[in-house]
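Subject: Structure handover

Hello,

I am passing on the structure we spoke about. Please look it over first; my notes on what was found follow below.

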Amino acid sequence: MTRTSKVYSTSVIVLSLSALVENLAYMLPVSYFPYYAESLGASPAYIGIFAAAFLVTTALLSSRFGNLSDRIGRKKLIQSGLVADAFLGTMTGLINHWGFLLVIRALNGVATAAVSPAAEASLIDQVPKERKGEAIGFFLMVSMIGWFLGPMFGGTIQFLAESGFGLTLETSFRVPYFVDSLLSIVALVLVI
C-alpha cells in the first residue's frame with residue numbers, strides 16, 4: 001500500500017463524509033431557522049434555546065457515546081446515529097408546534113453525539129500511528145465543510161422551494177430537512 005492510501009482509504013473518507021452530513025444537518029437551517037421557529041409559534045426569545053438544545057445534548061453525551069462505541073462497536077453507533085438523524089430530519093419537516101421543534105433539536109444533538117466520537121475513534125483505529133494527526137486533520141476539514149456549506153445549502157433549498165416551486169414560506173422552511181434526511185440515508189448506506 002502506498003503512503004497516501006493508508007490515510008485516505010475508503011473507510012476514512014466515508015467516516016469523514018458522515019461527519020460532514022452531521023454538521024451539514026446542524027447548520028442547514030441557520031439562514032432561516034428563526035423564521036421557521038416563529039412560524040411554529042415560538043417567541044424570538046426562544047431562538048437561542050433551540051441552538052443550545054442541540055449543543056448541550058451533544059456536549060453532555062459525546063463522552064458517554066464514545067465510551068459506548070468502545071464497548072459495542074463504532075459502526076453500530078454510527079449507523080444508529082445516522083438512522084436517528086434521517087428520522088429526526090423528516091420529523092422536523094413535519095411538525096406543527098415549536099415545542100416539538102425544541103425536542104427534536106435536542107434529539108438531533110443526541111444523534112450527533114452518537115456519530116461524531118465513534119467516527120473519530122474509528123478513524124484513529126484505522127490509520128497508522130505516525131499518520132493519525134494527518135487523518136484527523138482530513139476528518140476535521142471535511143466535517144468543517146458541512147459547517148460552512150450547511151447554511152448556503154439550506155438557504156438555497158428553501159429559496160428554490162419558495163420561489164421556484166411556489167411553496168408557501170412556511171412549507172419552504174420544511175423542505176431542506178427532507179433533503180437532509182436523504183443525505184443521512186446516503187451516508188448510512190456508505191457506512192454499511
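How much space lies in the second largest pocket? The answer is about 150 Å³, with the caveat that this is a predicted model. The lining of this pocket is made up of Leu-17, Leu-20, Val-21, Leu-24, Leu-149, Met-152, Phe-153, Leu-183, Val-186, Ala-187 and Leu-190. Helices α2, α7 and α8 (169-191) each give two or more residues to that lining. By class, the lining has 11 nonpolar residues, with no polar and no charged ones.

The largest pocket holds about 200 Å³ of space. Its lining counts 17 residues, and those nearest the centre are Asn-23, Thr-112, Ser-116, Glu-120 and Trp-147. Two or more lining residues come from each of α2 (10-27), α4 (47-72), α6 (98-126) and α7 (132-164). Of these elements, α7 gives the most, with 5 residues. The lining of the largest pocket divides into 9 nonpolar, 6 polar and 2 charged residues.

Is Gln-158 buried or exposed? Gln-158 counts as buried because its relative accessibility is 10%, and the cut-off for buried is under 20%. Setting aside neighbours within four places in sequence, Gln-158 is in contact with Tyr-32, Leu-169, Ser-172, Phe-173 and Pro-176.

Regards

Notes:
Residues numbered from 1 in each chain as written. Predicted model: local features only at pLDDT ≥ 70, side-chain atom pairs only at ≥ 80, totals over all residues. Heavy atoms only, no water. 1 Å grid on protein atoms, 1.4 Å probe; cavity = no way out; pocket = protein on both sides within 12 Å on 5 of 7 lines; lining within 4 Å. Points joined across faces, edges and corners; volume = space filled by probe spheres on them. Helix = DSSP H or I, 4+ residues; strand = E, 2+ residues; numbered from the N terminus. Nonpolar A, V, L, I, M, F, W, Y, C, P; charged D, E, K, R; others polar. Buried < 20%, exposed > 50% of the residue type's maximum accessible area, 1.4 Å probe, protein only. Contact = heavy atoms within 4.5 Å.
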